[in-house]
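Hello,

Here is the structure we spoke about handing over. Please open it first, then read the notes below.

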Amino acid sequence: MASRKSVPPATNRQRKLAAGPGSGLGTGQGGETHQVAGPGQALLTSNQGVVLADNQNSLHGGDRGPTLLEDFLLREKITHFDHERIPERIVHARGSAAHGYFECLRDCSDWTKASFLSKPRKRTPVFTRFSTVAGGAGSVDTPRDVRGFAVKFYTDEGNFDLVGNNIPVFFIQDAMKFPDLVHSVKMEPDRAFPQAASAHDTFWDFISLMPESLHMIMWAMSDRAIPRSLRMIDGFGVHTFRLVNAAGQWRFVKFHWRAALGVESTTWDEAVKIAGADPDYHRRDLWESIERGDFPVWELGFQVFDQATADRLPFDVLDPTKVIPEELVPIEIVGRMVLDRNPDNFFAETEQVAFCPSHLVPGFDFSNDPLLQGRLFSYLDTQLKRLGTPNFHQLPINAPKCPFHNLQRDAQMQMMVPKGRVNYEPSSLDPSSPRESPQRGFNSLALSETGPKARLRPESFADHYSQARLFFRSMTPPEQYHMISALGFELGKVETPAVRERVVAHLLLIDDALARGVMDKLGLPPGSITPATPARPPQNLPPSPALSQVASRSGSLKGRHLALLVAEGADAQTVETVKTALEKARARVSVIADKISGVTLSDGTLLPADGALAGSPSCLFGAVVVLGSEDGIAPWLTHPAALDFLRDAWRHLKAIGLDDAGQQLAQAAGIGSDDAVVALADRRSVARYLKAAGQGKFFAREGQPGTD
Ligand code: HDE
């Protein structure tokens, strides 16, 4: 007899979903509830609502005979499965998202009539998706790459999408070049590698021939492109937009998201090791932080300025390769965003969310930035391809939370059932049919635009080097050193000498020390490369210290993830003191032990472990502590995973706390000593360790043996 299994009990998740109407499981168009086996348990059905008697076996003709075509239940299940994947995003395919809210902190009605910015404390629901750009949906979280930072505000006047990045400028000035840029950075088309990496010939070939990309290259080669956590990145709207108030007056605006935790990065070696140790590192971190109630927060800031200010700046505010230093136009905080709920379903929400920079609400307007203008077309177009229908706005994650009515009808996957005869306007047959409102509706600013039709690049966009120089010179020495290393690494992967040399020819125009440093890494003798000829000679703009991410550090341990590596027999009192101190400082502490079952302390108690040493290398944590006993640490003194734990913590510039046994391991690992390597002897030394760990990376260690 063929085996038959009974229907397994529903999972907790299914129970939760089945519990209420509108859950997506168990309710149909008319709102009738589903067939249920008993309280809280739904019956398994086909998509047509037919209850399944057997979900284990297909329909056979005879005991060992063929499967029958008649098996409509098998065919429905397999067909649905075959169609599960939709085209992934051509860029930003790999993403992680969360729900939350935006809270207005300032009455902005002087600037904008947008209602969600009109009253302090007013809350608006948001859904925010972070992404890498170049890799596919299954690629790792920590490549050197720009991070997407897209926020959908479900305002009471319609959806407003702020589709930004964690870098405030872009590679190109005109949408016409976007497909070329993306083709160059993605896997090379003949060989389909490298995945999720810009360190290859086609990308740098394109860059070397497009000097407008150099300012963005400075940012992409900076630590911003290897973030420690998605909770620790800033966001930027990039383009100049417009704010419009109720009187119809407009001003320019640039959007800034500022991470409350400050901007924190990994080192390059750390990013590479994390990619192997936990490819989902950022996704997991975001998810787990929200599950723990440690909600990430960002402030939203506006740089607001008028045409006269724009005219005084030594660059064009319509050029998306330029920042406006906040020393020139200050950033005013208008609200904050808190992400406090993980998605219920990755596909339905994170994958199907459709952002479009063209989704504006009254109170905003576009500028003539030619990159932005191209985006206004591209995103709607891509959603049609990706989601397959102009009805993608009906998906729950995309639907406005305010009422919406119009006379658009039909098309694939129409989920609504509009009633009545009237689907046109003007009409007289149905007085309740929706009407326009010149007062409340979106009005484009009545700006006059004239000029001959031409394919052109404005003269005011011609300076490609001054802001690249401004950025490099605004960095602290360690940040500059990391940029030189990154350029050396990336260009070291480029096989074509002429491409490497062309990039260096541009770097020579940006900064001499930068170019010399990179040339040294590439083995190019000083003076061997002639500087490029600029369209416009670079100027020395005053540095902007605010651009350095070091300036954003909070010094707090809040939100950081620390490891307590504990060997057998560690002093129970010390473990307790250190753990409590770290947790009091609001760090997340993971106990790592030899075995996942935990570790026995000096008083015989079992300390449960959160991770086993073999799967928890130190690269996964922001700072580390090692505690043990003489006997307990002995096996680790020759154990590669334990030795690498400390060698990497040292190499990755982390604060390291050690008791006596930990110091033995440190000696065996051959790590040095400095102010961020703290012997944990008493409460004062624990306080010193907390301070060192709160600082993030200990850059003064760079250049010591065992570091990069
Ligand atoms: Fe995008 N971009 N982009 N982009 N972009 C997409 O839309 C495009 C640009 C950004 O989490 C695509 O839905 C063009 C700048 C983010 O779903 C596509 C140009 C900035 C996301 C597209 C740009 C961005 C995208 C692919 C130059 C920062 C992910 C999938 C004219 C301000 C949104 C999709 C999410 C996604 C086109 C340049 C940010 C193809 C044509 C500049 C955060 O429509």
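Leu653 sits in the loop between helix H17 (640-651) and strand E19 (656-658). Its phi is positive, about 65°, although Leu653 is not a glycine. Leu653 is buried, because 23 other C-beta atoms lie within 10 Å. Bear in mind throughout that this is a predicted model.

Arg121 also has a positive phi, near 80°, and is a residue other than glycine. Arg121 is found in the loop between E3 and E4. Is Arg121 buried or exposed? Arg121 counts as exposed, because it has 8 C-beta neighbours inside 10 Å.

**Cis peptide bonds**

Phe193 and Pro194 are joined by a cis peptide bond, with omega about 0°. Pro194 lies in the loop between H3 and H4. Glu425 and Pro426 are joined by a cis peptide bond too, with omega about 5°. Pro426 is in the loop between H10 and helix H11 (466-474).

**What the UniProt record marks**

The unreviewed UniProt entry annotates residues 45-433 as "domain: Catalase core". The end C-alpha atoms of that span are 39 Å apart.

Start with His92. It is in the loop between helix H2 (72-82) and strand E3 (95-104). His92 counts as buried, because 23 C-beta neighbours fall inside 10 Å. Leaving aside neighbours within four places in sequence, His92 is in contact with Ser131, Val133 and Gly148.

Asn165 is in strand E6. Asn165 counts as buried, because 24 C-beta neighbours fall inside 10 Å. Not counting residues up to four places away in sequence, Asn165 touches Val146, Arg147, Gly148, Phe149, Phe236 and Val238. Note that Gly148 touches His92 and also touches Asn165.

For "binding site", the unreviewed UniProt entry lists Arg89, Arg129, Phe178, Arg375, Tyr379 and Arg386. Two of these get a closer look next.

**Helix H10**

Arg375 lies in helix H10 (residues 370-387). Which of the burial classes do they fall into? Arg375 is buried, because 21 other C-beta atoms are within 10 Å and the cut-off for buried is 20 or more. Tyr379 is partly exposed, because it has 18 other C-beta atoms within 10 Å.

Now their contacts, not counting residues up to four places away in sequence. Arg375 touches Ala175 and Pro357. Tyr379 touches Phe355, Cys356, Pro357 and Ser358. So Pro357 is a contact of Arg375 and of Tyr379.

At 1.5 Å a residue, the 18 residues of H10 should span 26 Å. The end C-alpha atoms of H10 are 26 Å apart, which agrees. The buried residues of H10 are Pro370, Leu371, Leu372, Arg375, Gln383 and Leu387. Gly388 follows H10 and has a positive phi, near 85°.

**Around the ligand**

How many residues surround the ligand? There are 25, and the closest are Arg89, His92, Gly148, Ala175 and Val238. H10 gives the largest share of this shell, seven residues. Strand E4 (123-132), strand E5 (147-155), strand E6 (158-165) and H10 each supply at least two residues of the shell. By class, the shell holds twelve nonpolar, ten polar and three charged residues.

**A helix pair**

The axes of helix H3 (residues 178-185) and helix H4 (residues 201-208) come within 6 Å. They cross at roughly 145°. From H3, the contact uses Asp180, Leu181, Ser184 and Val185. From H4, it uses Thr202, Phe203, Asp205 and Phe206. The residues of this contact divide into four nonpolar, two polar and two charged.

**One more loop residue**

Leu524 is in the loop between helix H14 (512-522) and strand E13 (561-566). Leu524 counts as partly exposed, because it has 18 C-beta neighbours inside 10 Å. Not counting residues up to four places away in sequence, Leu524 touches Val504, Met519 and Ile529. Leu524 and Asn342 are 182 residues apart along the chain, and their C-alpha atoms are separated by 50 Å.

Best wishes

Note on methods
Residues numbered from 1 in each chain as written. Predicted model: local features only at pLDDT ≥ 70, side-chain atom pairs only at ≥ 80, totals over all residues. UniProt positions renumbered as here; feature names shortened; annotations may be inferred. Helix = DSSP H or I, 4+ residues; strand = E, 2+ residues; numbered from the N terminus. Buried ≥ 20, exposed ≤ 12 C-beta atoms within 10 Å, placed from the backbone. Contact = placed C-beta atoms within 7 Å. Expected span 1.5 Å × (residues − 1). Near = placed C-beta within 6 Å. Nonpolar A, V, L, I, M, F, W, Y, C, P; charged D, E, K, R; others polar. Axes fitted to C-alpha atoms, helices over the stretch in contact; angles between N-to-C directions.
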